[in-house]
Amino acid sequence: MDGTNAPRCQKYAADIESIKEAQVRIEPFIHRTPVLLSTTLDSLAGKQLFFKCECFQKGGAFKIRGASNAIFSLDDSEASKGVVTHSSGNHAAAVSLAAKLRGIPAYIVIPKNAPKCKVENVKRYSGQVIWSEVTIQSRETVARKVQEDTGAVLIHPFNDGRIISGQGTISLELLEQVPEIDTIIVPISGGGLISGITLAAKAINPSIHILAAEPKGADDAAQSKVAGRIVTLPETNTIADGLRAFLGDKTWPVVRDLVDDIITVSDEEIIKAMQMCYEILKVAVEPSGAIGLAAVLSDQFKQTAAWQESNKVAIIVSGGNVDLAALWDSFGR
């Protein structure tokens, strides 16, 4: 027996095969996003930078990859009663869009402090908005009740192998576009994005460095790495609204074992990076999407073991759903 038909033995919630399967499944529903370059930002960083612009993805963020993989993985009987999720915005919009493409209802639990632009995206894609309080606990409790009432399938924002596999397709694209990359810097929150990217990238190139970028006001992943177990925080305080979740039992093992380091940055550094993206790259990026550039420019990056070996650094620009109402209002003053 050659073992080709043997069941897969997976150490983690996803692997290179599930990620390749996801790539085929979601290809009709997503954009292949561009990689942008900037010699100005290269000179500031002292590295050659490659910006993988998921801000140009459908729905304005990477989340459609995982959401479409999860929703188009469902059989017809599972899908018939719709899907439910909880999210501060980008995953909510992605699930709404993927459900619309599948022709099924989407029930979206959104915390009351979610940015208006992200809520509008959900409504634009016909998602049914159900409000929750701002805590993760409230979001999960409301989502469970919706699930019980409707029979909808829960599409978790990150703690799901189908979501992780979908997000991992970013690495497949990126390493086709720029095979010589030696380091990838990825925003971290619940860990679905970095888990998928890490599992795919290290399967293709085991020596590649994967660094997480995290706000200092929501540094549970950094604390978890130090403690060797999942740490949750009583509260988070960061402008990066997409980076306020905590690691799950499916994402933590990847972060624990395979993510090389976690760089924490202040909100001031994130805002400065957003400004650079806007003024130099000419790209509107949300705080969560700018954090990778903030990490590259930070003093902490220079103190990591990866610094000396990092020459060609990819930055995952995870989303561009930033509320610019204050900017437009300022023009009218």
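D76 is exposed, with a relative accessible area of 62%, where exposed means over 50% relative accessible area, buried under 20% and partly exposed in between, for a 1.4 Å probe and protein chains only. This is a predicted model, in which local features need pLDDT of at least 70 and side-chain atom pairs count only at pLDDT 80 or more, whereas totals for chains, interfaces and linings use all residues. Residues are numbered from 1 along each chain as its sequence is written, and side-chain values use heavy atoms, with hydrogens and water left out.

A search of the whole structure finds 12 salt bridges, a salt bridge being a side-chain nitrogen of Lys or Arg within 4 Å of a carboxyl oxygen of Asp or Glu. Three of these pairs are listed here.

| Pair | Closest N and O atoms |
|---|---|
| R102 and D76 | 2.8 Å |
| R65 and E54 | 2.8 Å |
| K118 and D241 | 2.7 Å |

R102 forms a salt bridge with D76; because R102 lies in helix α5 (residues 90-102) and D76 in helix α4 (residues 76-79), the pair ties together parts that are 26 residues apart in sequence. Helices (H or I, at least four residues) and strands (E, at least two) are DSSP runs, numbered from the N terminus.

K118 forms a salt bridge with D241; K118 lies in helix α6 (residues 116-124) and D241 in the loop between α10 (220-227) and α11 (252-258), so the pair ties together parts that are 123 residues apart in sequence. Both K118 and D241 are buried.

R65 forms a salt bridge with E54, and since R65 lies in helix α3 (residues 63-73) and E54 in the loop between β2 and α3, this pair ties together parts that are 11 residues apart in sequence. R65 is buried, with a relative accessible area of 0%, and E54 likewise counts as buried at 0% relative accessibility. Salt bridges that share partners join K52, E54, R65 and E173 into one network.

Turning to the nonpolar packing, the largest nonpolar core has 34 residues, of which L49, F51, L293 and V296 touch the most other members; such a core is a set of buried Ala, Val, Leu, Ile, Met, Phe, Trp, Tyr and Cys residues joined through side-chain atoms within 4.5 Å. Among the elements that each supply at least two residues of this core are β2 (48-53), α12 (267-281) and α13 (287-296). Apart from this core lies another, of 27 residues, including I26 and V153.
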